[in-house]
Amino acid sequence: KIIKLSDQGYKLEVNGESIYANNLVIATKAFQAAGLLEILSPKLAQGLNSIYYAPITLDAYTLAKSLFTKKGQAMLNAFGYINGTTNKSTLGTIFSSQLFKERNLEDEYLFLSFAKPVNSAWEAIANELIEVFNPYTNKKLEPSDFNLVNSKSIDKAIPQYNIGYSQIIENINAELANYPELTLIGNYIGGVSLVDTIHSSIMNINLNKRRNHDRITL
């Protein structure tokens with residue numbers, strides 16, 4: 001928990017230990033930041049808790065390299081793909097063994113697919129993936145061709161910029177003005193991508209530097 005002290009900056013209670021700081025940068029998910037700040041500012045915590053995070057299921061699996069044609073192997077020399085249709089459970093796939101060479105396997109390709117939790121049973125996902133990969137294989141794929149390595153569901157995975165989001169952020173920023181030594185950064189502010197998160201983090205830190213000339217330099 002984080003407690004504001006009138007003359008000593010901030011007091012943090014971490015695992016029963018008290019830590020004091022003049023400046024704070026919180027780089028967690030919005031609802032985690034809300035839990036940290038509920039004593040300091042109930043208004044700030046309420047705003048952060050109102051940002052919706054979509055759930056997601058992650059499936060890691062392999063396919064034998066021998067299944068792919070030369071065209072298919074060339075197609076896999078990429079980051080991955082995003083599903084552009086609305087009637088599919090699978091949202092997209094990362095070509096992990098191509099993107100991360102340390103995950104490259106001798107006779108298999110490693111993939112990571114993202115799916116909506118609804119109807120995200122592995123068999124249903126595998127059947128959707130068959131439609132994606134079939135044009136690039138030397139035989140019609142079957143669910144048994146997919147070797148499921150691991151599957152994981154995340155209840156609150158990706159922040160959503162839904163209708164009303166702008167007002168939520170406006171309320172959060174208005175309350176943050178009362179705490180010039182406090183900076184919030186994360187992909188729930190200014191964009192969900194890594195690049196957007198870095199950009200908005202720099203912007204927010206520089207803004208608070210101008211508000212407080214004693215701000216630490218990162």
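A residue is called buried when its relative accessible area is under 20%, exposed when it is over 50%, and partly exposed in between (1.4 Å probe, protein chains only). The structure described here is a predicted model, in which local features need pLDDT of at least 70 and side-chain atom pairs count only at pLDDT 80 or more, while totals for chains, interfaces and linings use all residues. Residues are numbered from 1 along each chain as its sequence is written, and side-chain values use heavy atoms, with hydrogens and water left out. Helices (H or I, at least four residues) and strands (E, at least two) are DSSP runs, numbered from the N terminus.

The structure contains 4 salt bridges, a salt bridge being a side-chain nitrogen of Lys or Arg within 4 Å of a carboxyl oxygen of Asp or Glu. One of them joins Lys4 and Glu181, with an N to O distance of 3.5 Å. Lys4 belongs to strand S1 and Glu181 to the loop between helix H6 (165-176) and strand S10 (182-184), so this pair ties together parts that are 177 residues apart in sequence. Glu181 is buried because its relative accessible area is 18%, whereas Lys4, at 33%, counts as partly exposed.

A salt bridge is also formed by Glu38 and Lys1, whose closest N and O atoms are 2.5 Å apart. Glu38 is located in the loop between helix H1 (30-37) and helix H2 (42-49), and Lys1 in the segment before strand S1 (2-5), so parts 37 residues apart in sequence are tied together. Glu38 is partly exposed, with a relative accessible area of 39%, and Lys1 is partly exposed at 35%.

Glu131 and Lys88 meet in a further salt bridge (2.9 Å, N to O). Here helix H5 (residues 122-133), which holds Glu131, is tied to the loop between strand S6 (80-82) and strand S7 (90-94), which holds Lys88; the two parts are 43 residues apart in sequence. Glu131 is exposed at 52% relative accessible area, while Lys88 is partly exposed at 23%.

Nonpolar cores were also identified, each being a set of buried Ala, Val, Leu, Ile, Met, Phe, Trp, Tyr and Cys residues joined through side-chain atoms within 4.5 Å. The largest has 26 residues, and those with the most contacts inside this core are Leu37, Leu48, Ile172, Leu182, Leu184 and Tyr188. At least two residues each are supplied by S2, strand S4 (24-26), H1, H2, H6 and S10. H6 provides the largest share, 5 residues. Contact means heavy atoms within 4.5 Å; leaving aside neighbours within four places in sequence, Leu48 is in contact with Ala30, Phe31, Ala33, Ala34, Leu37, Ile172, Leu184 and Tyr188. A second, separate core has 16 residues, including Leu63, Phe95, Phe111 and Ala115.

Two single residues complete the description. Ser200, in helix H7 (residues 194-211), is buried because its relative accessibility is 8%. The side chain of Ser200 reaches the backbone oxygen of Ile189 at 3.0 Å. Leaving aside neighbours within four places in sequence, Ser200 is in contact with Gly186, Ile189 and Gly190.

Asn15 is found in the loop between strand S2 (9-14) and strand S3 (17-21), and counts as exposed at 81% relative accessibility. Most residues other than glycine have a negative phi. Asn15, although not a glycine, has a positive phi of about 50 degrees.

How values were computed. A polar contact is a pair of N or O atoms within 3.5 Å; within protein, one must be able to donate a hydrogen and the other to accept it, and residues adjacent in sequence count only if both atoms are side-chain atoms.
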